Amino acid sequence: MDGLALYFRLIRVAVQARLQYRADFLAGIIGVIVMNTVTVSLISIMVSRFRHINGWTMWEMVFLYCLWLLGHSLYSFFFWHIRALEEYLVEGTFDQFLLRPASPFIMFLAREVQYIGIADLTFAALGLSLAYRNLDLQWTGVQWLFFGLAVIAGTLIETTLVLMIACISFWTGRSRRASQLLMRLNVMVQYYPIDIFGYTFRLIVTGLIPVAFMNYYPTLMLLGKLDPQSPWSWLGYMSPVVALILVILASGIWHLALRRYSSAGG
Amino acid sequence: MKIFWSFTRQAFQFIAAYRFNFFMEFVLVILRMYGIYWVWRVLYTQRPGAFGVSLDQMVTYGVMGMALEMFIWSRPQWYMANQIKSGAIDTDLMKPLDFHLYMLARSTGETLIGVGVLALPALLAAYLLLGVQYPPDAWTGLMFAVSLVLGFLLLFHLNFLLGSLAVVALDIRHISWAYFSLVRFLGGQIVPLWLFPTFLRVVADVLPFKGAYFIPISIYIGKLSGVAAFQALGFQTVWLVILVLLSRLLWGMAHRRLVVQGG
(Lines give C-alpha, C1' and ligand atoms only; values in the text may rest on other atoms or scores of the structure.)
Protein backbone atom coordinates (compact mmCIF):
# COMPACT_ATOMS: atom_id res chain seq x y z
CA MET A 1 0.00 0.00 0.00
CA ASP A 2 2.96 2.28 0.61
CA GLY A 3 3.81 1.79 -3.02
CA LEU A 4 0.37 2.97 -4.12
CA ALA A 5 0.55 6.09 -1.93
CA LEU A 6 3.97 6.88 -3.35
CA TYR A 7 2.65 6.30 -6.86
CA PHE A 8 -0.16 8.82 -6.50
CA ARG A 9 2.12 11.34 -4.82
CA LEU A 10 4.48 11.17 -7.81
CA ILE A 11 1.60 11.31 -10.27
CA ARG A 12 0.46 14.55 -8.64
CA VAL A 13 3.90 16.02 -9.22
CA ALA A 14 3.84 14.85 -12.84
CA VAL A 15 0.44 16.50 -13.40
CA GLN A 16 1.71 19.77 -11.92
CA ALA A 17 4.76 19.65 -14.16
CA ARG A 18 2.60 19.09 -17.22
CA LEU A 19 0.17 21.88 -16.34
CA GLN A 20 2.96 24.40 -16.83
CA TYR A 21 2.29 24.22 -20.57
CA ARG A 22 -1.24 25.56 -21.04
CA ALA A 23 -1.22 26.22 -24.79
CA ASP A 24 0.15 22.76 -25.47
CA PHE A 25 -2.61 21.29 -23.31
CA LEU A 26 -5.31 23.13 -25.23
CA ALA A 27 -3.90 22.18 -28.63
CA GLY A 28 -3.70 18.56 -27.49
CA ILE A 29 -7.30 18.48 -26.33
CA ILE A 30 -8.52 19.98 -29.59
CA GLY A 31 -6.35 17.57 -31.60
CA VAL A 32 -7.74 14.53 -29.80
CA ILE A 33 -11.33 15.70 -30.11
CA VAL A 34 -10.94 16.30 -33.85
CA MET A 35 -9.37 12.85 -34.27
CA ASN A 36 -12.17 11.10 -32.43
CA THR A 37 -14.86 13.06 -34.21
CA VAL A 38 -13.37 12.12 -37.56
CA THR A 39 -13.18 8.46 -36.57
CA VAL A 40 -16.78 8.31 -35.42
CA SER A 41 -17.94 10.26 -38.48
CA LEU A 42 -16.18 7.82 -40.82
CA ILE A 43 -17.74 4.83 -39.10
CA SER A 44 -21.16 6.48 -39.01
CA ILE A 45 -21.13 7.47 -42.68
CA MET A 46 -20.01 4.03 -43.78
CA VAL A 47 -22.48 2.09 -41.67
CA SER A 48 -25.50 4.37 -42.02
CA ARG A 49 -25.16 4.37 -45.82
CA PHE A 50 -25.34 0.58 -45.77
CA ARG A 51 -27.69 0.51 -42.72
CA HIS A 52 -25.50 -2.04 -40.94
CA ILE A 53 -22.23 -3.92 -41.28
CA ASN A 54 -22.59 -7.63 -40.69
CA GLY A 55 -25.55 -6.93 -38.39
CA TRP A 56 -23.92 -4.07 -36.49
CA THR A 57 -25.90 -0.83 -36.63
CA MET A 58 -24.39 2.63 -36.38
CA TRP A 59 -24.97 3.08 -32.64
CA GLU A 60 -23.66 -0.37 -31.89
CA MET A 61 -20.50 0.60 -33.77
CA VAL A 62 -20.28 3.83 -31.77
CA PHE A 63 -20.64 1.79 -28.58
CA LEU A 64 -17.90 -0.59 -29.73
CA TYR A 65 -15.49 2.24 -30.46
CA CYS A 66 -16.25 4.23 -27.32
CA LEU A 67 -15.90 1.20 -25.04
CA TRP A 68 -12.44 0.71 -26.50
CA LEU A 69 -11.72 4.42 -26.14
CA LEU A 70 -12.76 4.51 -22.48
CA GLY A 71 -10.33 1.73 -21.54
CA HIS A 72 -7.69 3.30 -23.78
CA SER A 73 -8.11 6.76 -22.22
CA LEU A 74 -7.11 5.49 -18.77
CA TYR A 75 -4.14 3.72 -20.35
CA SER A 76 -3.09 6.81 -22.25
CA PHE A 77 -3.48 9.03 -19.17
CA PHE A 78 -1.35 6.96 -16.82
CA PHE A 79 0.76 4.63 -18.91
CA TRP A 80 1.45 6.30 -22.26
CA HIS A 81 5.18 6.65 -21.60
CA ILE A 82 5.69 2.88 -21.23
CA ARG A 83 6.31 2.68 -24.96
CA ALA A 84 9.18 5.16 -24.51
CA LEU A 85 11.00 2.63 -22.31
CA GLU A 86 13.64 2.09 -24.99
CA GLU A 87 14.65 5.75 -24.73
CA TYR A 88 15.08 5.44 -20.98
CA LEU A 89 17.24 2.40 -21.60
CA VAL A 90 19.31 3.76 -24.47
CA GLU A 91 19.95 7.10 -22.81
CA GLY A 92 20.73 5.46 -19.49
CA THR A 93 18.08 7.44 -17.58
CA PHE A 94 16.59 4.15 -16.47
CA ASP A 95 19.41 3.82 -13.94
CA GLN A 96 17.96 6.49 -11.69
CA PHE A 97 14.88 4.35 -11.07
CA LEU A 98 17.12 1.56 -9.84
CA LEU A 99 19.03 3.77 -7.46
CA ARG A 100 15.99 4.91 -5.49
CA PRO A 101 14.74 3.12 -2.41
CA ALA A 102 11.42 2.13 -3.99
CA SER A 103 10.18 -0.31 -6.60
CA PRO A 104 11.70 0.67 -9.96
CA PHE A 105 8.39 -0.26 -11.57
CA ILE A 106 6.51 2.37 -9.57
CA MET A 107 9.22 4.94 -10.19
CA PHE A 108 8.97 4.28 -13.91
CA LEU A 109 5.16 4.31 -14.07
CA ALA A 110 4.82 7.50 -12.04
CA ARG A 111 7.37 9.30 -14.15
CA GLU A 112 4.87 11.00 -16.45
CA VAL A 113 1.21 11.51 -17.25
CA GLN A 114 -0.34 12.22 -20.62
CA TYR A 115 -3.25 14.38 -19.50
CA ILE A 116 -4.61 14.60 -23.05
CA GLY A 117 -6.29 11.29 -22.17
CA ILE A 118 -8.91 13.48 -20.49
CA ALA A 119 -10.26 14.41 -23.92
CA ASP A 120 -10.52 10.72 -24.87
CA LEU A 121 -12.28 10.01 -21.58
CA THR A 122 -14.84 12.77 -22.11
CA PHE A 123 -15.46 11.78 -25.70
CA ALA A 124 -15.87 8.11 -24.80
CA ALA A 125 -18.28 8.86 -21.95
CA LEU A 126 -20.37 11.08 -24.21
CA GLY A 127 -20.40 8.53 -27.02
CA LEU A 128 -21.34 5.68 -24.72
CA SER A 129 -24.21 7.57 -23.10
CA LEU A 130 -25.56 8.59 -26.51
CA ALA A 131 -25.31 5.00 -27.70
CA TYR A 132 -26.94 3.78 -24.47
CA ARG A 133 -29.92 6.04 -25.08
CA ASN A 134 -30.23 5.38 -28.81
CA LEU A 135 -29.99 1.62 -28.39
CA ASP A 136 -32.65 1.71 -25.63
CA LEU A 137 -30.45 -0.22 -23.27
CA GLN A 138 -31.62 -1.02 -19.76
CA TRP A 139 -28.78 -2.59 -17.87
CA THR A 140 -29.19 -4.44 -14.61
CA GLY A 141 -26.82 -3.90 -11.70
CA VAL A 142 -24.81 -6.94 -12.74
CA GLN A 143 -24.37 -5.57 -16.26
CA TRP A 144 -23.19 -2.21 -14.90
CA LEU A 145 -20.71 -4.05 -12.73
CA PHE A 146 -19.49 -6.01 -15.75
CA PHE A 147 -19.23 -2.78 -17.72
CA GLY A 148 -16.95 -1.31 -15.04
CA LEU A 149 -14.85 -4.46 -14.99
CA ALA A 150 -14.63 -4.50 -18.78
CA VAL A 151 -13.31 -0.93 -18.87
CA ILE A 152 -10.64 -1.69 -16.27
CA ALA A 153 -9.81 -4.92 -18.10
CA GLY A 154 -9.46 -2.92 -21.33
CA THR A 155 -6.98 -0.57 -19.69
CA LEU A 156 -5.00 -3.47 -18.23
CA ILE A 157 -4.95 -5.44 -21.47
CA GLU A 158 -3.55 -2.53 -23.43
CA THR A 159 -1.09 -1.57 -20.71
CA THR A 160 0.29 -5.07 -20.19
CA LEU A 161 0.62 -5.74 -23.93
CA VAL A 162 2.51 -2.49 -24.43
CA LEU A 163 4.68 -3.22 -21.40
CA MET A 164 5.57 -6.71 -22.59
CA ILE A 165 6.53 -5.40 -26.03
CA ALA A 166 8.48 -2.52 -24.51
CA CYS A 167 10.41 -5.09 -22.45
CA ILE A 168 11.83 -6.46 -25.71
CA SER A 169 14.15 -3.47 -25.66
CA PHE A 170 15.88 -4.86 -22.55
CA TRP A 171 17.22 -7.50 -24.92
CA THR A 172 17.39 -5.76 -28.28
CA GLY A 173 17.60 -2.07 -27.41
CA ARG A 174 14.70 -1.28 -29.73
CA SER A 175 10.98 -2.05 -29.63
CA ARG A 176 9.20 0.90 -31.26
CA ARG A 177 8.17 -0.83 -34.48
CA ALA A 178 6.90 -3.89 -32.70
CA SER A 179 4.67 -1.66 -30.61
CA GLN A 180 3.41 0.02 -33.77
CA LEU A 181 2.30 -3.33 -35.08
CA LEU A 182 0.33 -3.79 -31.87
CA MET A 183 -1.18 -0.32 -32.36
CA ARG A 184 -2.30 -1.20 -35.87
CA LEU A 185 -4.03 -4.41 -34.79
CA ASN A 186 -5.54 -2.33 -32.06
CA VAL A 187 -6.82 0.28 -34.50
CA MET A 188 -8.50 -2.36 -36.66
CA VAL A 189 -10.16 -3.86 -33.62
CA GLN A 190 -11.29 -0.54 -32.25
CA TYR A 191 -13.14 0.59 -35.39
CA TYR A 192 -14.65 -2.61 -36.65
CA PRO A 193 -16.30 -5.66 -35.10
CA ILE A 194 -13.83 -8.48 -35.71
CA ASP A 195 -16.55 -10.77 -37.08
CA ILE A 196 -16.19 -8.99 -40.44
CA PHE A 197 -12.57 -10.18 -40.80
CA GLY A 198 -11.19 -13.54 -41.79
CA TYR A 199 -10.74 -16.46 -39.44
CA THR A 200 -6.95 -16.10 -39.04
CA PHE A 201 -7.24 -12.46 -38.06
CA ARG A 202 -9.90 -13.24 -35.46
CA LEU A 203 -7.74 -15.99 -34.06
CA ILE A 204 -4.78 -13.62 -33.73
CA VAL A 205 -6.64 -10.83 -31.94
CA THR A 206 -8.40 -13.32 -29.68
CA GLY A 207 -5.70 -15.81 -28.77
CA LEU A 208 -2.31 -14.38 -29.62
CA ILE A 209 -2.54 -10.62 -29.09
CA PRO A 210 -5.91 -10.49 -27.35
CA VAL A 211 -6.93 -6.89 -28.11
CA ALA A 212 -10.42 -8.06 -29.08
CA PHE A 213 -11.13 -8.44 -25.37
CA MET A 214 -10.81 -4.68 -24.95
CA ASN A 215 -14.08 -4.00 -26.69
CA TYR A 216 -15.44 -6.66 -29.05
CA TYR A 217 -16.20 -9.51 -26.65
CA PRO A 218 -17.52 -7.37 -23.77
CA THR A 219 -19.66 -5.45 -26.28
CA LEU A 220 -21.26 -8.71 -27.43
CA MET A 221 -22.24 -9.35 -23.84
CA LEU A 222 -23.34 -5.80 -22.99
CA LEU A 223 -25.44 -5.31 -26.12
CA GLY A 224 -27.02 -8.76 -25.88
CA LYS A 225 -25.42 -9.90 -29.12
CA LEU A 226 -24.07 -13.17 -27.71
CA ASP A 227 -25.24 -16.11 -29.71
CA PRO A 228 -26.36 -18.80 -27.22
CA GLN A 229 -25.98 -21.46 -29.94
CA SER A 230 -22.32 -20.73 -30.40
CA PRO A 231 -19.83 -22.81 -28.43
CA TRP A 232 -17.70 -19.66 -28.08
CA SER A 233 -20.26 -17.37 -26.43
CA TRP A 234 -18.50 -17.65 -23.06
CA LEU A 235 -15.72 -15.46 -24.52
CA GLY A 236 -18.08 -12.53 -23.93
CA TYR A 237 -17.44 -12.79 -20.20
CA MET A 238 -13.72 -13.43 -20.34
CA SER A 239 -12.21 -9.91 -20.48
CA PRO A 240 -11.42 -9.66 -16.74
CA VAL A 241 -9.85 -13.14 -16.80
CA VAL A 242 -7.74 -12.31 -19.85
CA ALA A 243 -6.62 -9.08 -18.16
CA LEU A 244 -5.61 -11.00 -15.04
CA ILE A 245 -3.59 -13.55 -17.02
CA LEU A 246 -1.83 -10.75 -18.90
CA VAL A 247 -0.98 -8.92 -15.67
CA ILE A 248 0.65 -12.07 -14.28
CA LEU A 249 2.55 -12.64 -17.53
CA ALA A 250 3.71 -9.03 -17.80
CA SER A 251 4.91 -8.94 -14.22
CA GLY A 252 6.92 -12.12 -14.83
CA ILE A 253 8.53 -10.69 -17.96
CA TRP A 254 9.28 -7.38 -16.25
CA HIS A 255 11.16 -9.10 -13.43
CA LEU A 256 12.99 -11.33 -15.86
CA ALA A 257 13.98 -8.27 -17.89
CA LEU A 258 15.21 -6.37 -14.83
CA ARG A 259 17.50 -9.22 -13.91
CA ARG A 260 18.82 -9.15 -17.47
CA TYR A 261 19.41 -5.39 -17.39
CA SER A 262 22.87 -3.97 -17.71
CA SER A 263 23.16 -0.23 -18.00
CA ALA A 264 24.01 1.53 -21.23
CA GLY A 265 26.33 3.63 -19.11
CA GLY A 266 26.72 7.33 -19.55
CA MET B 1 17.21 17.39 -61.13
CA LYS B 2 20.48 16.29 -59.63
CA ILE B 3 19.48 17.39 -56.13
CA PHE B 4 16.29 15.33 -56.33
CA TRP B 5 18.33 12.21 -56.95
CA SER B 6 20.74 12.94 -54.17
CA PHE B 7 17.84 13.16 -51.71
CA THR B 8 16.37 9.96 -53.10
CA ARG B 9 19.69 8.25 -52.53
CA GLN B 10 19.86 9.64 -49.01
CA ALA B 11 16.38 8.37 -48.19
CA PHE B 12 17.32 4.96 -49.56
CA GLN B 13 20.45 4.77 -47.44
CA PHE B 14 18.39 5.66 -44.39
CA ILE B 15 16.02 2.81 -45.11
CA ALA B 16 18.83 0.37 -45.79
CA ALA B 17 20.23 1.21 -42.37
CA TYR B 18 16.92 0.46 -40.63
CA ARG B 19 15.79 -2.65 -42.42
CA PHE B 20 13.74 -4.06 -39.57
CA ASN B 21 11.78 -0.83 -39.26
CA PHE B 22 11.07 -0.97 -42.90
CA PHE B 23 9.92 -4.53 -42.80
CA MET B 24 7.49 -3.65 -40.00
CA GLU B 25 6.26 -0.69 -42.00
CA PHE B 26 5.55 -3.07 -44.87
CA VAL B 27 3.57 -5.40 -42.62
CA LEU B 28 1.57 -2.39 -41.40
CA VAL B 29 0.66 -1.35 -44.95
CA ILE B 30 -0.48 -4.89 -45.75
CA LEU B 31 -2.58 -4.98 -42.57
CA ARG B 32 -4.23 -1.70 -43.49
CA MET B 33 -5.09 -3.06 -46.93
CA TYR B 34 -6.39 -6.30 -45.45
CA GLY B 35 -8.63 -4.37 -43.05
CA ILE B 36 -10.26 -2.12 -45.61
CA TYR B 37 -10.64 -5.07 -48.02
CA TRP B 38 -12.84 -6.94 -45.56
CA VAL B 39 -14.88 -3.87 -44.67
CA TRP B 40 -15.90 -3.23 -48.26
CA ARG B 41 -16.32 -6.89 -49.01
CA VAL B 42 -18.81 -7.29 -46.18
CA LEU B 43 -20.68 -4.08 -47.03
CA TYR B 44 -20.90 -4.94 -50.73
CA THR B 45 -22.01 -8.49 -50.10
CA GLN B 46 -24.93 -6.95 -48.22
CA ARG B 47 -25.75 -4.52 -51.03
CA PRO B 48 -24.04 -5.42 -54.32
CA GLY B 49 -23.47 -2.53 -56.71
CA ALA B 50 -24.40 0.16 -54.20
CA PHE B 51 -23.75 3.77 -55.30
CA GLY B 52 -22.99 2.72 -58.87
CA VAL B 53 -19.71 1.05 -57.99
CA SER B 54 -18.85 -2.63 -58.10
CA LEU B 55 -17.21 -4.54 -55.25
CA ASP B 56 -13.96 -4.81 -57.21
CA GLN B 57 -13.89 -1.07 -57.81
CA MET B 58 -14.59 -0.37 -54.16
CA VAL B 59 -11.90 -2.77 -52.93
CA THR B 60 -9.47 -1.18 -55.38
CA TYR B 61 -10.39 2.25 -54.05
CA GLY B 62 -9.82 1.18 -50.44
CA VAL B 63 -6.50 -0.57 -51.12
CA MET B 64 -5.17 2.35 -53.20
CA GLY B 65 -6.12 4.72 -50.39
CA MET B 66 -3.98 2.69 -48.03
CA ALA B 67 -1.10 2.48 -50.50
CA LEU B 68 -1.15 6.27 -50.84
CA GLU B 69 -0.53 6.56 -47.12
CA MET B 70 2.99 7.11 -48.50
CA PHE B 71 1.98 10.66 -49.32
CA ILE B 72 1.54 11.38 -45.65
CA TRP B 73 4.61 9.32 -44.87
CA SER B 74 7.07 12.02 -45.78
CA ARG B 75 6.42 14.72 -43.26
CA PRO B 76 8.31 17.91 -44.13
CA GLN B 77 6.37 19.75 -41.43
CA TRP B 78 7.94 17.61 -38.71
CA TYR B 79 11.39 18.09 -40.12
CA MET B 80 10.79 21.85 -40.24
CA ALA B 81 9.38 21.93 -36.71
CA ASN B 82 12.33 19.96 -35.35
CA GLN B 83 14.88 22.12 -37.14
CA ILE B 84 13.20 25.28 -35.91
CA LYS B 85 12.94 24.00 -32.34
CA SER B 86 16.57 22.89 -32.19
CA GLY B 87 17.85 25.90 -34.09
CA ALA B 88 19.49 23.68 -36.70
CA ILE B 89 17.32 25.40 -39.34
CA ASP B 90 20.08 27.99 -39.76
CA THR B 91 22.26 25.40 -41.53
CA ASP B 92 19.37 24.67 -43.90
CA LEU B 93 18.94 28.36 -44.62
CA MET B 94 22.63 28.82 -45.31
CA LYS B 95 22.52 26.27 -48.14
CA PRO B 96 22.80 27.79 -51.60
CA LEU B 97 19.32 26.60 -52.43
CA ASP B 98 15.88 28.07 -51.96
CA PHE B 99 14.39 26.57 -48.78
CA HIS B 100 11.02 25.79 -50.35
CA LEU B 101 12.70 23.91 -53.21
CA TYR B 102 15.03 22.19 -50.78
CA MET B 103 12.06 20.84 -48.80
CA LEU B 104 10.34 19.79 -52.04
CA ALA B 105 13.44 17.87 -53.15
CA ARG B 106 13.70 16.17 -49.77
CA SER B 107 10.05 15.23 -49.70
CA THR B 108 10.07 13.98 -53.28
CA GLY B 109 13.08 11.78 -52.57
CA GLU B 110 11.48 10.28 -49.50
CA THR B 111 8.17 9.72 -51.23
CA LEU B 112 9.80 8.08 -54.29
CA ILE B 113 11.53 5.64 -51.99
CA GLY B 114 8.33 5.09 -50.01
CA VAL B 115 6.41 4.35 -53.19
CA GLY B 116 9.13 2.17 -54.70
CA VAL B 117 9.98 0.09 -51.65
CA LEU B 118 6.68 0.03 -49.76
CA ALA B 119 3.64 0.99 -51.81
CA LEU B 120 4.47 -0.87 -55.03
CA PRO B 121 5.39 -4.21 -53.41
CA ALA B 122 2.33 -3.94 -51.15
CA LEU B 123 0.14 -3.20 -54.16
CA LEU B 124 1.63 -6.14 -56.00
CA ALA B 125 0.68 -8.37 -53.08
CA ALA B 126 -2.80 -6.83 -53.13
CA TYR B 127 -3.16 -7.53 -56.88
CA LEU B 128 -2.36 -11.16 -56.27
CA LEU B 129 -4.28 -11.71 -53.03
CA LEU B 130 -7.10 -9.20 -52.76
CA GLY B 131 -8.32 -8.96 -56.34
CA VAL B 132 -7.34 -5.33 -56.87
CA GLN B 133 -7.92 -4.14 -60.44
CA TYR B 134 -5.61 -2.58 -62.99
CA PRO B 135 -6.77 0.69 -64.53
CA PRO B 136 -9.32 -0.05 -67.28
CA ASP B 137 -7.07 1.27 -70.10
CA ALA B 138 -3.73 2.99 -70.78
CA TRP B 139 -5.35 6.42 -71.14
CA THR B 140 -6.91 6.14 -67.68
CA GLY B 141 -3.56 5.03 -66.34
CA LEU B 142 -1.93 8.12 -67.79
CA MET B 143 -4.59 10.45 -66.35
CA PHE B 144 -4.14 8.71 -63.01
CA ALA B 145 -0.39 9.25 -63.09
CA VAL B 146 -0.80 12.97 -63.80
CA SER B 147 -3.43 13.31 -61.10
CA LEU B 148 -1.23 11.40 -58.65
CA VAL B 149 1.70 13.77 -59.17
CA LEU B 150 -0.61 16.77 -58.72
CA GLY B 151 -2.00 15.15 -55.58
CA PHE B 152 1.45 14.65 -54.12
CA LEU B 153 2.37 18.27 -54.84
CA LEU B 154 -0.88 19.48 -53.28
CA LEU B 155 -0.27 17.55 -50.10
CA PHE B 156 3.37 18.62 -49.97
CA HIS B 157 2.35 22.27 -50.02
CA LEU B 158 -0.30 21.77 -47.36
CA ASN B 159 2.39 20.12 -45.22
CA PHE B 160 4.81 22.89 -45.99
CA LEU B 161 2.28 25.50 -44.88
CA LEU B 162 1.77 23.61 -41.63
CA GLY B 163 5.55 23.47 -41.19
CA SER B 164 5.81 27.24 -41.67
CA LEU B 165 3.38 27.56 -38.79
CA ALA B 166 6.02 26.02 -36.53
CA VAL B 167 7.88 29.34 -36.62
CA VAL B 168 5.01 30.87 -34.68
CA ALA B 169 3.68 27.88 -32.75
CA LEU B 170 6.97 26.02 -32.06
CA ASP B 171 5.23 22.75 -31.24
CA ILE B 172 2.93 21.54 -34.00
CA ARG B 173 2.65 17.92 -32.90
CA HIS B 174 -0.87 18.23 -31.59
CA ILE B 175 -2.05 20.41 -34.45
CA SER B 176 -0.65 17.70 -36.73
CA TRP B 177 -2.93 15.06 -35.24
CA ALA B 178 -6.00 17.11 -36.11
CA TYR B 179 -4.53 17.97 -39.50
CA PHE B 180 -3.78 14.36 -40.47
CA SER B 181 -7.25 13.15 -39.56
CA LEU B 182 -8.86 15.98 -41.50
CA VAL B 183 -6.72 15.24 -44.56
CA ARG B 184 -7.68 11.57 -44.37
CA PHE B 185 -11.35 12.34 -43.85
CA LEU B 186 -11.98 15.24 -46.23
CA GLY B 187 -9.49 13.82 -48.73
CA GLY B 188 -11.54 10.64 -48.98
CA GLN B 189 -8.63 8.32 -48.23
CA ILE B 190 -10.84 5.78 -46.47
CA VAL B 191 -14.44 6.64 -47.31
CA PRO B 192 -15.02 8.08 -50.81
CA LEU B 193 -16.78 11.42 -51.02
CA TRP B 194 -19.81 10.06 -52.84
CA LEU B 195 -20.90 8.41 -49.60
CA PHE B 196 -20.79 11.70 -47.65
CA PRO B 197 -24.01 13.37 -46.52
CA THR B 198 -24.80 16.48 -48.61
CA PHE B 199 -23.48 19.20 -46.27
CA LEU B 200 -20.15 17.42 -45.77
CA ARG B 201 -19.91 16.73 -49.48
CA VAL B 202 -20.28 20.44 -50.20
CA VAL B 203 -17.48 21.29 -47.78
CA ALA B 204 -15.14 18.53 -49.01
CA ASP B 205 -15.81 19.47 -52.64
CA VAL B 206 -14.36 22.96 -52.39
CA LEU B 207 -11.38 22.16 -50.15
CA PRO B 208 -8.04 21.03 -51.67
CA PHE B 209 -7.79 17.78 -49.65
CA LYS B 210 -9.80 15.69 -52.10
CA GLY B 211 -7.09 16.36 -54.68
CA ALA B 212 -4.69 14.20 -52.69
CA TYR B 213 -6.72 10.97 -52.58
CA PHE B 214 -10.24 11.14 -53.88
CA ILE B 215 -9.50 12.50 -57.36
CA PRO B 216 -6.56 10.27 -58.35
CA ILE B 217 -8.16 7.11 -56.99
CA SER B 218 -11.55 7.87 -58.54
CA ILE B 219 -9.83 8.31 -61.90
CA TYR B 220 -7.97 5.02 -61.38
CA ILE B 221 -11.10 2.97 -60.77
CA GLY B 222 -12.90 4.67 -63.66
CA LYS B 223 -15.49 6.44 -61.51
CA LEU B 224 -14.22 9.77 -62.83
CA SER B 225 -13.70 9.77 -66.59
CA GLY B 226 -14.02 11.90 -69.73
CA VAL B 227 -14.78 15.57 -69.17
CA ALA B 228 -15.25 15.10 -65.43
CA ALA B 229 -11.74 13.74 -65.11
CA PHE B 230 -10.30 16.74 -66.93
CA GLN B 231 -12.28 19.07 -64.70
CA ALA B 232 -10.86 17.25 -61.69
CA LEU B 233 -7.32 17.72 -62.99
CA GLY B 234 -8.14 21.41 -63.46
CA PHE B 235 -9.38 21.58 -59.88
CA GLN B 236 -6.09 20.10 -58.65
CA THR B 237 -4.04 22.51 -60.78
CA VAL B 238 -5.91 25.59 -59.60
CA TRP B 239 -5.49 24.63 -55.94
CA LEU B 240 -1.84 23.80 -56.54
CA VAL B 241 -1.17 27.27 -57.93
CA ILE B 242 -2.95 28.88 -54.97
CA LEU B 243 -1.02 26.77 -52.48
CA VAL B 244 2.35 27.41 -54.11
CA LEU B 245 1.75 31.15 -53.95
CA LEU B 246 0.54 30.90 -50.36
CA SER B 247 3.60 28.83 -49.41
CA ARG B 248 6.00 31.36 -50.89
CA LEU B 249 4.19 34.21 -49.17
CA LEU B 250 3.84 32.57 -45.76
CA TRP B 251 7.37 31.16 -45.65
CA GLY B 252 8.68 34.61 -46.62
CA MET B 253 6.84 36.09 -43.65
CA ALA B 254 7.88 33.28 -41.32
CA HIS B 255 11.49 33.58 -42.43
CA ARG B 256 11.57 37.22 -41.39
CA ARG B 257 10.07 36.35 -37.99
CA LEU B 258 12.37 33.43 -37.42
CA VAL B 259 14.44 33.70 -34.27
CA VAL B 260 17.12 31.09 -33.81
CA GLN B 261 17.93 30.53 -30.17
CA GLY B 262 21.54 30.06 -29.20
CA GLY B 263 23.67 28.06 -31.58
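Author: Gladly! In this predicted model, 26 residues from chain A and 26 residues from chain B make up the contact.

Reader: Which helices of chain A each supply at least two residues of the side that touches chain B?

Author: They are helix H2 (22–49) and helix H9 (176–191). H2(A) gives the largest share, 14 residues.

Reader: What makes up the side of chain A that touches chain B, by class?

Author: That side has 16 nonpolar, 6 polar and 4 charged residues.

Reader: Where is Asn54(A) found, and why does Asn54(A) count as partly exposed?

Author: Asn54(A) sits in the loop between H2 and helix H3 (58–79) of chain A. A residue is buried with 20 or more other C-beta atoms within 10 Å, and exposed with 12 or fewer. Asn54(A) has 15 C-beta neighbours inside 10 Å, so Asn54(A) counts as partly exposed.

Reader: And what is the phi of Asn54(A)?

Author: Phi is near 50° there, a positive value in a residue other than glycine.

Reader: Why does Asp136(A) count as exposed?

Author: The cut-off for exposed is 12 or fewer. Asp136(A) has 7 C-beta neighbours inside 10 Å, and therefore counts as exposed. Asp136(A) lies in the loop between helix H7 (117–134) and helix H8 (141–172) of chain A.

Reader: What is phi of Asp136(A)?

Author: For Asp136(A), phi is near 55°, a positive value in a residue other than glycine.

Terms used: Residues are numbered from 1 along each chain as its sequence is written. Chains are lettered from A and ligands numbered from 1 in the order in which they are written. This is a predicted model: local features need pLDDT of at least 70, side-chain atom pairs count only at pLDDT 80 or more; totals for chains, interfaces and linings use all residues. Two residues are in contact if their C-beta atoms, placed from the backbone, lie within 7 Å. Helices (H or I, at least four residues) and strands (E, at least two) are DSSP runs, numbered from the N terminus. Ala, Val, Leu, Ile, Met, Phe, Trp, Tyr, Cys and Pro count as nonpolar, Asp, Glu, Lys and Arg as charged, and the others, Gly among them, as polar.
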